[in-house]
Amino acid sequence: MKYFVYFILCFCTQISFSQTDSVLSYGENLINENKLKEAKTFYEKQLLSANTTEQEVYSLMGLAEIYKLKLDYEQANIFYVKAYDVIKNVSNKKLHFFYHVKMAEFYRKRTLFKQSVAQLDKAKLIIEKHKMDDAILSKYYSRKAALFTEHFFIPDSTLYYAQKALVLAKKVKDKDGVFYSSLEIAGVYEEKNHYHLAIKKLQELINFSKLNNMLQHQADAYTNYTRILIKDKQYKKALSESVHALEFANKNQLLFNEILFIDNIRNCYKKLGNIDKAFEYLETRLELTDSYYEKEHNKFLFELEEKYKLTEKENQIKINNLELANKTKELSANKTKLTITIALFVFAITWIVLIGYFLKKSKKNNKQLQSLSQENEFLLSEANHRINNNLQLVVILIADQLKKETSQALFPLRNILTKVEAISTLHKHLYKNEDKRKVDTHNYLSDVKNSFFEVFKENNIETNFTIASIKIPSDDAMYLGLLLTELCINSIKHAFNAEENKTISFTLKQKDNLLLFEYSDNGTAAVNKTIKLKLVDKICRQMDLQYTLNTANGFKFSLVKEINNE
């Protein structure tokens, strides 16, 4: 008899997990095919008819995923909270692990990397003590790989975790896992400048997503594919593929991907020298960007208004309930306590009205402040986009003028171009950073160096740059970027005669609370000569700094600046 009962329990458990897996796989397939309305309807029905905790949690997580893809993070968070309220009351470690992995991806999508890392750390504590299914482990390793790409910037670690995720995803036939782990591997190839490997991998992913009708995945693969073609200087092919991808995104109403493809087309025309077409697509991108942010802004205002009305109704219901309770007490009171009851009732009503008045006033002020804060964030984001677009337009115009000028006028224009690009690079770092007041010197000055790549290559100049990662105020970063730009321009223009080995070296490091800036070249044109660098001198005086020059063996410039680590 006991074996029969055991058999029945195992059979029921198997049916339960089978139903849960069915909910998970069918819903994920709808999402992969960009059928978000059908997926939402499916998960809502599953939620109403859920027989197990697993089915309820997976349905809530599925609804959260849909709203995340719609960029409605507030509504997505509501469903994640509901899922956690269910999970915290059970001891199912699989559900706890699944929740932390999903929340890590939710925070990563919003570029809240610290919170994402914290969620994966919680997931790691679970797998250290409990064995997890390969399907969920695959998603965990895939998210680890994504963080090493976007937050820690360690390509080897990205490759390690992406390959682990890929092996598990193939084992359990998880198409979504296979796609995104392969996409991370392609990103590592791109980071290491192995463009041919990255392009081959992305072509395989495009065919894979077409074969499995994964529309959003196909758009993501096209986005990376066209971008790497541009990096590999295959401009004509990149243009053709971007136009095809734009038609695909437009057909499937993938507005965000449309904006990315239009920007790639603009970049291709710019590289091919068709400035008119580049400007035409820049205007198209601005229009779509305006439409995108207007849509998000109007949606936010509508939801804000609906929530305000709902809150007002709830407050009115509460007040009505309190009045009804007081009237019931008044009717049940005896005649001897009638006067006291009436006095207390009046006092209570007055107190409730006063509290309600001040609460309503406080809530109204809070709503207005919240609305203004959101509007300011929107306007700031819009301003950043327009500034970036204008700086890109200036770069395009100067680049176009470079093609028309004689060789004598090329260097002054390149001088202007590199300084504009240095300011544009600083702006890009500022508006992408969470902390708008400080900039990472390694990322920013490395980008400044990269803007000279073509010029260094044309003049056969080797570089040896060592830049420490130091957070400094944005104003100081701008001056250091301009200073490095001006020193590189002076070396390119004046330092070298007929040397076979031309080298420019630069070191930026921190020692205690001092920032050490050292720049040198091995040119012989300035040996034992007195050099006056007017713009360099002005920049140093603006920063209130003393600098030293040494021309005994080439050219060497150095300065020391105090920094505040707070």
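Modeller: A nonpolar surface patch joins side chains (Val, Leu, Ile, Met, Phe, Trp, Tyr) within 5 Å, like charges being joined within 9 Å, from residues with over 30% relative accessible area and no salt bridge. A salt bridge is a Lys or Arg side-chain nitrogen within 4 Å of an Asp or Glu carboxyl oxygen. This is a predicted model, where local features need pLDDT of at least 70 and side-chain atom pairs pLDDT 80 or more, while totals for chains, interfaces and linings use all residues. Residues are numbered from 1 along each chain as its sequence is written, and side-chain values use heavy atoms, without hydrogens and water.

Biologist: How much accessible area does the nonpolar patch have together?

Modeller: Phe-347, Trp-351, Leu-354, Ile-355, Tyr-357, Phe-358 and Leu-359 form this patch on the surface. With the Shrake-Rupley method (1.4 Å probe, only the protein chains shown as cover for residues), their accessible area together is about 780 Å².

Biologist: Does Ile-355 count as buried, partly exposed or exposed?

Modeller: Ile-355 is found in helix H15, residues 338-404; helices (H or I, at least four residues) and strands (E, at least two) are DSSP runs numbered from the N terminus. Buried means under 20% relative accessible area, exposed over 50%, and partly exposed in between (1.4 Å probe, protein chains only). Because its relative accessibility is 36%, Ile-355 counts as partly exposed.

Biologist: Which residues does Thr-341 touch?

Modeller: Thr-341 is also a residue of helix H15, and it counts as buried because its relative accessibility is 17%. Contact means heavy atoms within 4.5 Å. Leaving out residues up to four places away in sequence, Thr-341 touches Glu-330 and Ala-333.

Biologist: Which strands are the edge strands of the open sheet?

Modeller: The sheet has 5 strands with mixed pairing, in the order S2-S4-S5-S7-S6. Two strands pair if DSSP finds at least two bridges between them. Pairing on one side only are strand S2 (461-467) and strand S6 (547-550).

Biologist: How far apart in space are Phe-465 and Ser-446?

Modeller: Phe-465 has its place in strand S2 and is buried because its relative accessible area is 16%. Phe-465 touches several residues beyond four places away in sequence, among them Leu-484 and Phe-506. Phe-465 and Ser-446 are 19 residues apart in sequence, and their C-alpha to C-alpha distance is 8.4 Å.
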